[in-house]
Amino acid sequence: MNPNRILIVEDDPNLGDILHEYLEMKGFQATLCRDGEEGWNRFKKGAFDLLVLDVMMPKKDGFTLGKEIKQLEPEIPIIYLTAKNQKEDVIAGLKLGADDYMTKPFSMEELLLRIRAILKRSAKADTQALSVLQFGSFTLHYDEQRLVGPDGTHKLTSKENELLRILAADVNKQVNRSLALKQIWGDDSYFNARSMDVYLSKIRKLLKADPQVQIITVHGEGYKLVVTTS
């Protein structure tokens, strides 16, 4: 099993180093950034399972960073860290979709427990929500890597299965190309992008059995699994 990937954005050098070393020691794959701008740039280059964001940071504060990240990846869990113990900050964080909120100083053991609880909830929700997906006259059985449609049952490869799940989870909504590449292939390199184009072509052929279902390309952005009704 691959370790969970955590992005830490903390401008306090001592706390940042301690967080990074502690989470690595506990089996996570941790990445440390020192300010909001660096955190934003690093997030766009790699896939993460959870974010730990300091609120008060130079260049880009944690709330601004969290809001921008949520626009790109709405489901990613975020824990905010702050030196303030103010009700306004708690409310602001929750409005931005915070999964948890810790006030400095805090116990590393408590942070670890909260991280594990959030990741467990997130994994359970993903499994329940995405195990069987229906769109048009198709049903994707994700756990079995099967696509059932008007022309019968098709066994999918792992990449086809993952890609179709991402698209089918957000029918009629745009899926960011770079984000899909990072989630399935690990990075958005040119060669992986070409590989994804091949798999998309195969999926499009399978979907031809229902003319009301198609994958359209949003040039320069990504893709949409579009389902029309008669």
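Colleague: Let's start with Glu144: does it count as buried, partly exposed or exposed?

Modeller: Keep in mind that this is a predicted model. Glu144 has 42% relative accessibility, so it counts as partly exposed.

Colleague: Which residue does Glu144 form a salt bridge with?

Modeller: With Arg146, and the closest N and O atoms of that pair are 2.5 Å apart. Arg146 counts as partly exposed because its relative accessibility is 25%.

Colleague: OK, and which residues are joined into a network by salt bridges that share partners?

Modeller: Glu10, Asp54 and Lys104 are joined into one network that way.

Colleague: Switching topic. What does Lys60 pair up with?

Modeller: Lys60 makes a salt bridge with Glu68, with 3.0 Å between the closest N and O atoms.

Colleague: Are those two buried or exposed?

Modeller: Lys60 sits at 11% relative accessibility, so it counts as buried. Glu68 is at 24%, so that one counts as partly exposed.

Colleague: Why would side chains pair like this at all?

Modeller: When their charged atoms come close, side chains of opposite charge can pair.

Colleague: What about Asp100, which residue is its salt-bridge partner?

Modeller: Arg114, with the closest N and O atoms 2.9 Å apart. That pair links distant parts of the chain: Asp100 is in strand S5 and Arg114 in helix H5, 14 residues apart. At 24% relative accessibility, Arg114 counts as partly exposed.

Colleague: Last one: how many salt bridges turn up in the whole structure?

Modeller: Searching the whole structure gives 13 salt bridges.

Methods:
Residues numbered from 1 in each chain as written. Predicted model: local features only at pLDDT ≥ 70, side-chain atom pairs only at ≥ 80, totals over all residues. Heavy atoms only, no water. Salt bridge = Lys/Arg side-chain N within 4 Å of Asp/Glu carboxyl O. Buried < 20%, exposed > 50% of the residue type's maximum accessible area, 1.4 Å probe, protein only. Helix = DSSP H or I, 4+ residues; strand = E, 2+ residues; numbered from the N terminus.
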